[in-house]
Amino acid sequence: MSVRICVLGSGSKGNSTLMATERTRLLVDAGFSKKETLRRLAAAGERADRFDALLVSHEHVDHINGLKSLALAIKVPIYITGPTREVIQWDPRLKAFETFAPGEKFTIGDFEIAPFSIPHDAVDPVAFTFMAQGVKVGVITDLGYVPQLVKQHALGCHCLVLESNHDLDMLKTGPYPWFVKQRVMSRHGHLSNNATAGFLADDYDGTAEVLVLAHLSDKNNHPGLAMHSAKQAFDKRGKGRPAQLHLASQTEPTKVFQF
């Protein structure tokens, strides 16, 4: 038995992550079209013919763009919070919904899933940790800062997918209108490289074998900057550097991480 994780893509143009064991297969968010999602699964060497559920973190389009078409095609339930479900316009053919609440664990097949609230400008945004066969995985993106609740849930992860969205200097001098810059920098926006590095240096417990920096902005960040910032954080703490440090891409899936 094994647990497999693959970030199919992460960024402002689409987000989706595969979580799988031999018996249970989940998609966390569906920000790509059905065709593109299936292409990325194939590129990762993963089957696309069977899933047990689609999980939704929040209603922003880069997380649900392909949700309806994918749910109709693969005919699986959508797991979603009640407030998030209410703000999305649904195809009437979609009937299979399972509602969860932040702070209440639930189980799908081999996975025990813990959803928890995060500070982001959506109606009821959540991040998740997944536990299966003694392996804990955290998928934590789309948050403006790292509150104590998030720090607690990040403890003990064998694999951690964590936002490192923007470089502050690039954002301030970049092409976005000022009101968008303010949103991104706010406490309900996105984590900067510096904020992520601060968490890694001071509050991260160092247990993850695999750390994936995710949701990098293509206009206000650079892969080299995000990676350098994380490495500096590990140099500062002097321990806990993961065996594998990766960057999620907007255009292609990561490798499949297996535990």
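The residues that line the largest cavity divide into eight nonpolar, nine polar and two charged, where Ala, Val, Leu, Ile, Met, Phe, Trp, Tyr, Cys and Pro count as nonpolar, Asp, Glu, Lys and Arg as charged, and the others, Gly among them, as polar. The model is a predicted one, in which local features need pLDDT of at least 70 and side-chain atom pairs count only at pLDDT 80 or more, while totals for chains, interfaces and linings use all residues. Residues are numbered from 1 along each chain as its sequence is written, and side-chain values use heavy atoms, with hydrogens and water left out.

**The cavity**

- Rolling a probe the size of a water molecule over the atoms shows where empty space is left.
- On a 1 Å grid over the protein atoms alone, a cavity is a set of points where a 1.4 Å probe fits but cannot get out, whereas a pocket is an open set with protein on both sides within 12 Å along at least five of seven lines, and lining residues have an atom within 4 Å of a point.
- A search of the whole structure finds one cavity of 30 Å³ or more, and the largest cavity holds about 130 Å³ of space, a volume being the space filled by probe spheres set on the points, which are joined across faces, edges and corners.
- The largest cavity has 19 lining residues, and those nearest its centre are Thr17, Asp29, His63, Val139 and Thr141.
- E1, E2 and E9 are the elements that give two or more residues to this lining, and E9 gives the most, with three residues; helices (H or I, at least four residues) and strands (E, at least two) are DSSP runs, numbered from the N terminus.

- Seven strands form an open sheet in the order E6-E5-E4-E3-E2-E1-E14, with mixed pairing, where two strands pair if DSSP finds at least two bridges between them.
- Strand E6 (97-100) and strand E14 (257-258) stand at the edges with a single partner strand each, so one side of each has no neighbour in the sheet.
- Strand E1 (residues 4-9) and strand E2 (residues 16-20) run antiparallel and are joined by five bridges, and glycine 9 stands opposite serine 16 in E2.
- Helix H1 (residues 34-43) lies across E1, E2 and strand E3 (25-28), running at about 135 degrees to E1; axes are lines fitted to C-alpha atoms, for helices over the stretch in contact (heavy atoms within 4.5 Å), and angles run from 0 to 180 degrees between N-to-C directions.
- Helix H3 (residues 67-74) also packs on the sheet, where it touches E3, strand E4 (53-55) and strand E5 (78-81), and its direction makes about 165 degrees with that of E4.

**The sheet that contains E9**

- Another open sheet of seven strands has the order E7-E8-E9-E10-E11-E12-E13, with mixed pairing, and its edge strands, E7 and strand E13 (244-247), each pair on one side only.
- E8 and strand E9 (residues 126-132) pair in the antiparallel sense over six bridges, with serine 117 opposite valine 126 in E9.
- Helix H8 (residues 193-202) packs on this sheet, touching strand E11 (159-163) and strand E12 (210-214), and its direction makes about 145 degrees with that of E11.
- Helix H9 (residues 223-237) lies across E12 and E13, running at about 150 degrees to E13.

**Three single residues**

- Aspartate 29, in the loop between E3 and H1, has a positive phi of about 70 degrees although it is not a glycine, and with a relative accessible area of 6% aspartate 29 is buried, a word that here means under 20%, while exposed means over 50% and partly exposed in between (1.4 Å probe, protein chains only).
- Lysine 75 lies in the loop between H3 and E5 and has a positive phi near 55 degrees, again in a residue other than glycine, but lysine 75 is exposed, with a relative accessible area of 70%.
- Aspartate 110, in the loop between strand E7 (106-108) and strand E8 (111-117), counts as buried at 18% relative accessibility, and, leaving aside residues up to four places away in sequence, aspartate 110 touches Met1, Thr21, Arg23, Thr24, Met131, Ala132 and Gln133.
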